[in-house]
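Open the model in your viewer and keep the selection tool at hand. The stops below say what to pick next and what is there.

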Amino acid sequence: MMVEITVDGRVLTVQAGQSLLEACLANDIYVPNLCHLPGMADPPASCRLCFVEVDGMPQPVTSCTVAVTGGLVARTDTPAVRRLQRSALRLLLSVHEVDCKNCPANKRCELQRLARFLKVGLKPKDLPAPRKTPAVDDTHPCFSFYPNRCVLCGKCVEACRRAPGETVMAFSRRGFETILYFDVNAAEAGRCENCQACVEICPVGALVMKAD
Ligand code: SF4
Ligand code: SF4
Ligand code: FES
């Protein structure tokens, strides 16, 4: 069923039940986001970037978790929304190794786009951030993993889950220790089909195909 909602003063006709984030993006209203993938039944809402204000809700809410209903009124560009989005982005950048010149994602990187859009410097001036070691994990036969570039968006895990065959990627540990885990034996055992879906969907330069 199609319903009408109002976003930033524009009346939009959208599918009832789809997420407010998807409705905005489909109508060329950009809302910052990193962990969203279309068609996720249970969005992780982990990046905390997609805040909007919705009439009747006391605080800004993550638009990827709001299901659209007729008559909904939202604003994507308010001081409170931008403040929350900048804080979320600064938090991500505080543990990110920014070295764009030597990164294959340079100029197509979603972090760069977000920083430009939200007018946040890519290199925080704070103390040097703690780093995960090793800086590069080359144990997978097909790709290299750079944990200090990973924004923990979960898109590679979801892409692996959607790809044919077994799911061989997941997150392990918790908090700052959270890190992407992949089954390095899966390729040899034929359970990872080297489909590259994970590498292609990574919004930054954390997964890089090996040259050979
Ligand atoms: S992932 Fe993006 S922000 Fe980070 S070093 Fe690479 S290009 Fe720069
Ligand atoms: S490796 Fe890339 S796609 Fe996977 S969680 Fe990290 S940033 Fe997201
Ligand atoms: S896209 Fe909504 S929290 Fe990440």
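Start with ligand 2 and select its surroundings: 14 residues lie around ligand 2, the closest being C150, C153, G154, C156 and C202. A residue is taken as near a molecule if one of its heavy atoms lies within 4 Å of it. Colour this shell by class and you get 13 nonpolar residues, one polar and no charged. In this scheme Ala, Val, Leu, Ile, Met, Phe, Trp, Tyr, Cys and Pro are nonpolar, Asp, Glu, Lys and Arg are charged, and the others, Gly among them, are polar.

Some ground rules before moving on. This is a predicted model, in which local features need pLDDT of at least 70 and side-chain atom pairs count only at pLDDT 80 or more, while totals for chains, interfaces and linings use all residues. Residues are numbered from 1 along each chain as its sequence is written, chains are lettered from A and ligands numbered from 1 in the order in which they are written, and side-chain values use heavy atoms, with hydrogens and water left out.

Next, select ligand 1. Its surroundings are H96, E97, D99, C100, C103, A105, N106, C109, Q112, V204 and G205. By class, the shell around ligand 1 holds five nonpolar, four polar and two charged residues.

Now turn to the salt bridges, each a side-chain nitrogen of Lys or Arg within 4 Å of a carboxyl oxygen of Asp or Glu. The whole structure has eight of them. Which residues are linked in a network of salt bridges? Select E53, D55 and R75. R75 meets E53 at 3.6 Å, N to O. R75 lies in strand β5 (residues 73-75) and E53 in strand β3 (residues 51-54), so this pair ties together parts that are 22 residues apart in sequence. R75 also forms a salt bridge with D55, with the closest N and O atoms 2.9 Å apart. That pair links distant parts of the chain too, since D55 sits in the loop between β3 and β4 (61-62), 20 residues from R75 in strand β5. Strands here are DSSP runs of E with at least two residues, and helices are runs of H or I with at least four, numbered from the N terminus.

How accessible are the partners? R75 is partly exposed at 30% relative accessibility, and D55 is partly exposed at 46%. The terms are set by relative accessible area: buried is under 20%, exposed is over 50%, and partly exposed is in between (1.4 Å probe, protein chains only).

For another bridge, select D183 and R191, whose side chains meet at 3.0 Å, N to O. D183 is buried, with a relative accessible area of 15%, whereas R191 is partly exposed at 28%.

Then go to P44, in the loop between α1 (20-26) and β3. P44 is partly exposed, at 43% relative accessibility.

Finally, zoom out to the whole protein. The C-alpha atoms fill a box of roughly 55 × 45 × 30 Å along the principal axes. Of the 212 residues, 46% count as buried.
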